[in-house]
Amino acid sequence: MSGFLAGLLVAVLPLLAAGFWLGRRTTRPRSLGGLGTPVEHATFETLHTASLAAPPLRAGLTEETARKSARRLRTLLGTDALCLTDQDTVLAWEGVGEHHKTQIMDRLSGPLENGRGEAFRLDCVEPDCPVRWAVVAPLTVDDRVHGALVACAPRESAVLVRATGEVARWVSVQLELADLDQSRTRLIEAEIKALRAQISPHFIFNSLAVIASFVRTDPERARELLLEFADFTRYSFRRHGDFTTLADELHAIDHYLTLVRARFGDRLSVTLQIAPEVLPVTLPFLCLQPLVENAVKHGLEGGTGQVDKSHISITAQDAGAEALVVIEDDGPGMDPAWLRRILAGEVSPSGGIGLSNVDDRLRQVYGDDYGLVIETALGAGMKITARLPKYQPGVHSAGRLSRE
Amino acid sequence: MNENYAVPAVALVVVATVFVGAFGLRISRTTSDFYVASRTVGPRLNAAAISGEYLSAASFLGIAGLVLVQGPDMLWYPVGYTAGYLVLLLFVAAPLRRSGAYTLPDFAEARLASQSVRRLAGAFVVGVGWLYLLPQLQGAGLTLNVLTGAPKSLGGIIVAVVVVATVAAGGMRSITFVQAFQYWLKLTALLVPALFLVLAWQGDGSPRNAFDEPAAFREHRVVRVDSGLDLKLAAPLNVTATGTVDGERYEDEKVRLTEGVHRIAQGTRLGFTKGDHVPVADRGSNGGMSTSLAEGREDRPLYATYGLILATFLGTMGLPHVVVRFYTSPNGVAARRTTVVVLGLIGAFYLLPPVYGALGRLYAPELTLTGDADAAVLLLPDRVIGGLGGDLLGALVAGGAFAAFLSTASGLTMAVAGVLTQDVLPARGVRHFRLGTVLSMIVPLMASVVVGGLPVADAVGLAFAVSASSFCPLLVLGIWWRRLTPPGAAAGMLVGGGSALLAVAATMAGFPGTGPLHALLAWPALWSVPLGFLTMVLVSLATPGLVPAGTAAILARFHLPEQVSGGQVRTAVSAKEVDA
């Protein structure tokens with residue numbers, strides 16, 4: 001009896017899950033069916049089809065995205081065949097009459113050159129081939145022709161010409177958005193590079209001054225500090241890869257702290273608690289060091305007047321599929337409203353750039369759920385929490401892998 | 001069994017686990033030991049952690065019970081459990097680590113860039129995890145029942161509560177140290193009593209007839225039958241009975257049982273004299289972990305053995321709690337070294353349970369009758385050594401058994417909860433890992449309470465079979481075959497893993513009680529693994545256009561050492577892709 005129950009449970013659970021999934025997949029479009037007049041219904045259908053074709057195109061015009069969207073676009077136009085091309089090849093052919101590929105490519109040079117639409121007759125030896133007429137509409141982004149959308153039909157039709165033109169314009173808008181996405185990514189990459197350069201001046205001057213002060217009194221110490229300095233700069237100036245591991249980042253922080261402690265001596269104390277299983281976690285290059293730098297500045301230099309002593313604690317914990325990194329200082333704290341304005345980019349005081357940049361980069365890499373969480377108030381220190389997923393597609397310490 | 005020692009031992013293990021988990025972080029207060037604190041986990045520590053997490057109740061108690069009841073044939077279980085890591089070492093360990101994936105769904109996404117394959121893999125992780133958690137909870141219930149006479153579901157509830165409390169409250173801040181500690185605890189808890197037991201056995205004149213068929217009583221022994229059973233006698237037997245035999249009531253009377261089948265009612269006490277052969281119990285599926293799918297095995301021992309070998313050899317790589325541990329290794333080479341050490345550690349551990357099984361057959365043969373064969377490990381110290389020493393050793397074993405439940409259960413819970421929070425529950429800012437933890441534990445707990453007496457060693461075997469038929473094709477083909485496509489992977493997992501799961505369900509429901517069909521369903525790995533591979537290959541070949549872009553680069557990353565694949569090779573790979 002109990003065995004039977006167990007078997008039933010095991011069998012029913014996957015079935016329930018499958019049913020739930022199927023149900024969700026099938027009900028979504030149907031829920032539109034009961035709404036409005038037939039005209040409105042047709043509008044809904046069209047918009048729905050258009051919205052389905054949009055996501056693949058947002059990744060740019062490639063063979064894969066063209067194939068995925070071509071099917072939806074053909075439904076949208078209701079033609080026998082539809083093809084998407086780039087400057088020189090057919091990326092995807094959806095529907096019948098694929099033997100016209102070369103013929104169409106030959107006729108495309110004109111429209112691709114001048115960016116104007118065209119309709120022409122197709123010659124075909126097969127008597128029952130339904131593809132007799134082709135309408136070409138170029139796809140343009142920023143006035144440059146990227147490719148063309150070709151709709152094929154049995155006979156000439158002004159409606160089709162008009163519709164094809166509209167759809168091509170809509171596709172062009174999607175491609176423009178893809179372009180925007182790309183330039184946004186490029187912008188953030190440029191920002192990362194900017195951040196790397198940004199660390200240096202302030203810190204380099206201070207470190208060199210400290211090392212210079214030891215050269216006569218304690219040459220051995222000066223030598224060690226110089227080596228630490230070399231290690232740290234080597235890490236922060238390295239050129240390859242956008243990502244690093246938590247272990248490497250912590251080592252860089254170690255070098256950094258050694259140099260800072262040489263300057264502040266006993267005034268700065270640091271506690272470190274690391275769960276060793278999160279050390280291999282991959283994270284954006286130099287995204288914790290600025291936080292520590294911020295804590296140091298904030299604890300010892302910032303606020304009104306000098307603070308006597310400051311304590312910083314760095315904790316890295318294992319939390320399921322994420323690592324939790326907490327950096328805490330007992331400095332003078334900060335007004336939350338002011339901090340909010342810094343993070344929103346409205347004001348940029350010294351030292352605040354690091355925080356908002358790290359926040360931006362974490363959001364860009366892991367999504368908006370993974371921004372920095374900062375808890376602070378005047379006179380209450382500051383606690384910065386970063387959550388780092390252990391795995392994120394495209395994030396790898398050996399460098400970013402592009403899928404194109 | 002003296003509970004005055006056993007209960008404090010179990011409590012001590014629980015407290016120690018929580019303590020090591022909460023305070024096992026590396027803490028540094030001066031910069032000089034900063035380097036120590038941020039040192040990655042070495043192969044030896046990580047291997048101990050993997051072993052600690054892997055050696056479950058089925059290993060600690062179940063194998064001894066299986067050997068006791070069914071003899072040396074059952075040694076295939078420890079061999080299979082260990083050899084799984086050999087396959088893992090050869091084909092999977094280093095590439096899996098280099099893929100950067102934390103869980104199996106992560107691997108599916110990294111390799112195939114498909115959200116739907118990821119979700120499917122997640123579903124199978126949850127399924128395998130739950131199938132594997134069930135025997136852990138039942139084993140805990142059995143242990144507590146043997147130790148204190150508490151109801152059988154109580155132990156499972158205690159383990160569930162402790163695990164959920166520590167995992168959900170973020171108490172397991174450093175699971176590596178906890179699991180490594182648990183491994184050494186488990187090894188000690190089996191090794192020390194085993195030494196004493198072997199000494200006692202030598203003092204007894206080293207009797208060697210452990211596996212003579214059938215086992216015989218070595219002294220006068222009264223056996224209490226906890227649940228009704230049918231005795232199958234090959235020869236007449238004289239017993240002293242108190243209770244009901246064949247429908248007749250006896251009160252401490254001598255009964256002569258003739259050849260054939262006799263019905264013994266629940267609660268009956270049977271007294272056997274020295275030298276009596278232990279009668280064979282003919283029971284349904286009402287026993288503990290060791291009652292196994294005996295019928296199918298007796299019908300087709302060769303088929304069953306091969307099914308077992310295939311499931312355990314190939315299933316280990318798909319166990320969700322094992323896979324996540326490899327992430328702790330800093331790189332692929334370290335992952336491989338870790339696996340080698342794991343092989344050593346697990347191999348050493350698995351030498352011990354068969355010793356208990358053999359000694360159990362000598363000194364506690366009546367366990368085959370009462371259906372509590374899994375308790376052999378727990379009962380032997382008291383039975384063989386006795387006195388205070390026996391009690392203390394028994395307490396040590398009990399503590400080790402609880403360490404086994406806690407470590408495996410917490411590892412599985414974390415793995416299942418991770419998948420649930422990432423892929424199933426809706427994300428709301430801070431993802432609710434706690435809800436996932438509770439959810440991942442409550443389902444197997446309910447199942448273990450509702451379906452009390454399930455043949456549980458089989459649940460482990462079946463979890464292995466499902467894992468071998470779904471994840472093994474995904475991992476092996478994903479790592480070694482560049483033409484794998486997302487639809488192929490999904491179809492292979494569904495057909496292989498799904499058919500294994502259905503076979504599991506049919507077996508648990510007791511659908512065909514006997515015959516070749518039963519053997520096929522009870523040991524599905526032998527046909528479901530090839531089926532999974534075949535489906536994956538054929539569907540992938542049928543959809544050549546859907547090979548994910550960048551496959552060559554990803555495979556290069558899987559197979560090249562990290563230092564190489566960092567910079568220059570990537571350009572070479574992309575040049576190759578242009579050619580293709």
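How many helices and strands does the secondary structure of chain B come to? I counted 25 helices and eight strands in chain B, taking helices (H or I, at least four residues) and strands (E, at least two) as DSSP runs numbered from the N terminus.

I note that this is a predicted model, in which local features need pLDDT of at least 70 and side-chain atom pairs count only at pLDDT 80 or more, while totals for chains, interfaces and linings use all residues. Residues are numbered from 1 along each chain as its sequence is written, and chains are lettered from A and ligands numbered from 1 in the order in which they are written.

**Chain B.** I looked up burial next: 58% of the 580 residues of chain B count as buried, that is, with 20 or more other C-beta atoms, placed from the backbone, within 10 Å of their own.

**Chain A.** I then traced an open sheet of five strands in chain A, ordered β2-β1-β5-β4-β3 with antiparallel pairing, where pairing requires at least two DSSP bridges between two strands. Strands β2 (90-95) and β3 (118-121) of chain A each have a single partner strand, so one side of each is left without a neighbour in the sheet. Strands β4 (residues 133-141) and β5 (residues 144-153) of chain A pair over nine bridges, and I found A:Ala148 in β5(A) as the bridge partner of A:Pro138.

Technical notes: A residue is buried if 20 or more other C-beta atoms lie within 10 Å of its own, exposed if 12 or fewer, and partly exposed in between; C-beta atoms are placed from the backbone.
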